[in-house]
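Work through the exercises below with the model open. Each task is followed by a stepwise solution.

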Amino acid sequence: MTTAPVISAARGTIAIRSENLCRHYRMGETLIRAVDGVSLEVRAGEFVALLGSSGSGKSSVLNLIAGLDRPTSGSVIVQDRDLAKLSREELAKYRLHVVGMVFQSFNLIASMTLAENVELPLRFAEVDRSKRVSLAREALERVGLRARMDHRPSELSGGEQQRAALARALINRPQLLLADEPTGNLDSHTGTEIMDMVREFNEQLGMTVVMVTHERALAERYAQRMIFLADGKLIDDRANVPTATTAGVPGGRA
Amino acid sequence: MKLPDLTELALRNLRESVLRNSLTTIGISVGVASLVAMLSLGTGLQQLFSQRLAKSGLFDTVFVSSRRDLRGMGREEERKGPTPGESRVLDEPARQEIERLPNVKEAYPDIRFVTELRYDDKPHLTMISALPLSAKSNDAFDGMQGGFFSSDTAAEAILQKSFAEELLGKIPPLGAPEPNVAELAKPLLGKELTMRYAQRQAAPAPQPPLRASEATSADDSIAGAAYSVVSREQKLRIVGISDLDPETMRGPTRAKVFLPLRLAESLHVMQPTDLREISRAATDQPVYASISVRIKNPAQVQVVEEAIKKMGFNTFSILDASNSLRQVFRVLYAFLGIFGSLALAVASIGIVNTLVMAILERRREIGIMKAIGASDGDVKKLFFAEAGAMGILGGIVGVFLGWAIGQVINFGTNIWLKSQSLPPEHFWAVPLWLVGFSIGFAFLVSLVSGLYPAARAAKLDPVQALRYE
Ligand SMILES: Nc1ncnc2c1ncn2[C@@H]1O[C@H](COP(=O)(O)OP(=O)(O)O)[C@@H](O)[C@H]1O
Ligand SMILES: [Mg+2]
């Protein structure tokens, strides 16, 4: 693989820190505390799982880290950037260059081919066309979809779509990979395939990974740390030794 | 995002919902077409009018009359200047003096009288006027049958179509189609007319010329009147039948029969002015009711007018009329423009509607783009690009459409003109500036229409957009 590893934040330094992070929604009379005073730290190069039942605030925390949303109070600091203090423009730049995201529902643009989907962040980054094409091809090759680059998402299986989404998240070489239930719509075999890829990015490219999941088993197999949320509050934060090893899992890259 | 990327994405998005976007674009085209149609009609009409006026010689002509002529134009200045009785007489020396003024091409007297013409032994009373040879280039003689006068002194006549009809007893009833000039010309060309007229003759003068006393008072000279009126006949050969009316501008005093200028002069026909300038007859020096002065360059009309006024005559030129005509065209233009823009304004509502619909439909897509790093500005520009692309496409199609409509109408009208044996006209012009202006205007209107949808799309909250399937 020619994709160069990301060497920005040295392993072990603090990549993400939140302090008393809150995100409240007002629904008429009632106040919904989606995130309610969460303080956490993620070190650079770490693979962290955010666990909790549905509605516990996992996605809300992830969106705050991703700079897609702003905290009601408290702070999120990602690699020395206080996200609450960034302008909308600066937040967009931050999402473009620092963060790569994958979602449960893949979120590829249906009217574009895989290659076009994957190179879309490069358009926002104003990268030259010729360079874009080769970078997109390279990223698709990494996830084993080079042959399908001119297909539309609807022509692909769920696993293939999620691989394309991973390629897109990777294309700007971000330091942070944020995944919101990436295997939620996939069968267990395909899910494993995706998770192996995520772990590969974590290990080979040095990306910091924060993954939301409600499957504790999945977290135990891949995450180095598990953070538990309930009702918007952090209730547990414990280290974990991933049981799946790089060599030991069948499937790997297709 | 860079412009080529924006354009590419915008066009691909437009293709995604082809039907809706085409309909919106067609709406813009129709708006632009109506704008182009209206303005090109205005431009064409103005061009046609200006050409007509320029060719008619009216733009480079100044009409000069004596201030003695109480039937003058009734202008303010007449009251300020010397009393009519004291002011200068418009006679041959005055004409020559005017002709010597700088920028003057020629100055010829307007000879115009009502008299009897006999054709086929039937008398016809009509207004006759004299034309210089230079009138040949007058647009009014474009569709003429036969030819112009062979010389300035030839005993020849050109008839206006309606007089030809009268001679042949073929006056069509009101509303009926006009007979063809060619048909009228066949039996008339080369035929002879007999003109009966009253000739003014100086009686042998018992006293020396009365010039000095006349200059101070016109009234006392009647006593010294000494001239006679002799009835004369002059044979005229019909050489041309003019289809159009060369003297439309003159209204009820317009002539139906035209003679060569020098011939008319030599006849010394008794003219209405002679009655008041009665004493002049004794001198045998012609006095003119008015003189037409042709100017070399229409731009010099005003200067020449001033110079002639200083000599003590009244002047009138079409320039004053053309100024107000230009005003009329400006108003017409604004009116047509507003009318044309109205359709475009309606079309712009279509753009707003289409783009707002697109935001609702592409909510998730906008959320995705923001999640992967698109800024508010990127999203805004994308919607602007879509609006702009519809505007430019609609503008181009619209200009073509407007041009085509104009061509069809022009073509149709010319077929009709031809059936009426009238020369074809080009009253529809799409100048290049109008093409550029229309497309630019459509682009601008579409961008303005895109303002609200683009701002709304840019403000979209990505978290909300991604929450809903
Ligand atoms: N825009 C919103 N308006 C109101 N309530 C919201 C909004 N977004 C999230 N919530 C609420 O916040 C809580 C946490 O949501 P979320 O972070 O999506 O949970 P999870 O991802 O853990 O399932 C839920 O109760 C949800 O209903
Ligand atoms: Mg969630």
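**Exercise 1: the pocket**

The second largest pocket has 32 lining residues, and those nearest its centre are A:Ser59, A:Ser60, A:Asn63, A:Asp180 and B:Arg467. A pocket here is an open set of points on a 1 Å grid over the protein atoms alone, where a 1.4 Å probe fits, with protein on both sides within 12 Å along at least five of seven lines; lining residues have an atom within 4 Å of a point. The model is predicted: local features need pLDDT of at least 70, side-chain atom pairs count only at pLDDT 80 or more, and totals for chains, interfaces and linings use all residues. Residues are numbered from 1 along each chain as written, chains are lettered from A and ligands numbered from 1 in written order, and side-chain values use heavy atoms, without hydrogens and water.

Task: Describe the lining of the second largest pocket by element and by class.

Solution.
1. Strand 1, strand 2 and helix 1 of chain A, and helix 14 of chain B, each give two or more residues to the lining.
2. The lining divides into nine nonpolar, 14 polar and nine charged residues.
3. The volume of this pocket is about 890 Å³.

**Exercise 2: the ligand**

Task: Find which residues are closest to ligand 1, and state why the site is shared between chains.

Solution.
1. The shell has 14 residues; A:Gly55, A:Ser59, A:Ser60, B:Gln464 and B:Arg467 are the closest. A shell residue has a heavy atom within 4 Å of the ligand.
2. The site is shared because residues from chains A and B surround ligand 1.
3. Helix 1 of chain A supplies the largest share, three residues.
4. Ligand 1 takes the space of the second largest pocket; more than half of its atoms must lie within 2 Å of the grid points.

**Exercise 3: polar contacts**

Task: List polar contacts (N or O pairs within 3.5 Å) of ligand 1.

Solution.
1. A polar side-chain atom of A:Ser59 is 2.8 Å from a ligand 1 oxygen atom.
2. A backbone N or O atom of A:Lys58 lies 2.9 Å from an oxygen atom of ligand 1.
3. A side-chain N or O atom of B:Arg467 lies 2.9 Å from a nitrogen atom of ligand 1.

Key. A polar contact is a pair of N or O atoms within 3.5 Å; within protein, one must be able to donate a hydrogen and the other to accept it, and residues adjacent in sequence count only if both atoms are side-chain atoms. Helices (H or I, at least four residues) and strands (E, at least two) are DSSP runs, numbered from the N terminus. Grid points are joined across faces, edges and corners, and a volume is the space filled by probe spheres set on the points. Ala, Val, Leu, Ile, Met, Phe, Trp, Tyr, Cys and Pro count as nonpolar, Asp, Glu, Lys and Arg as charged, and the others, Gly among them, as polar.
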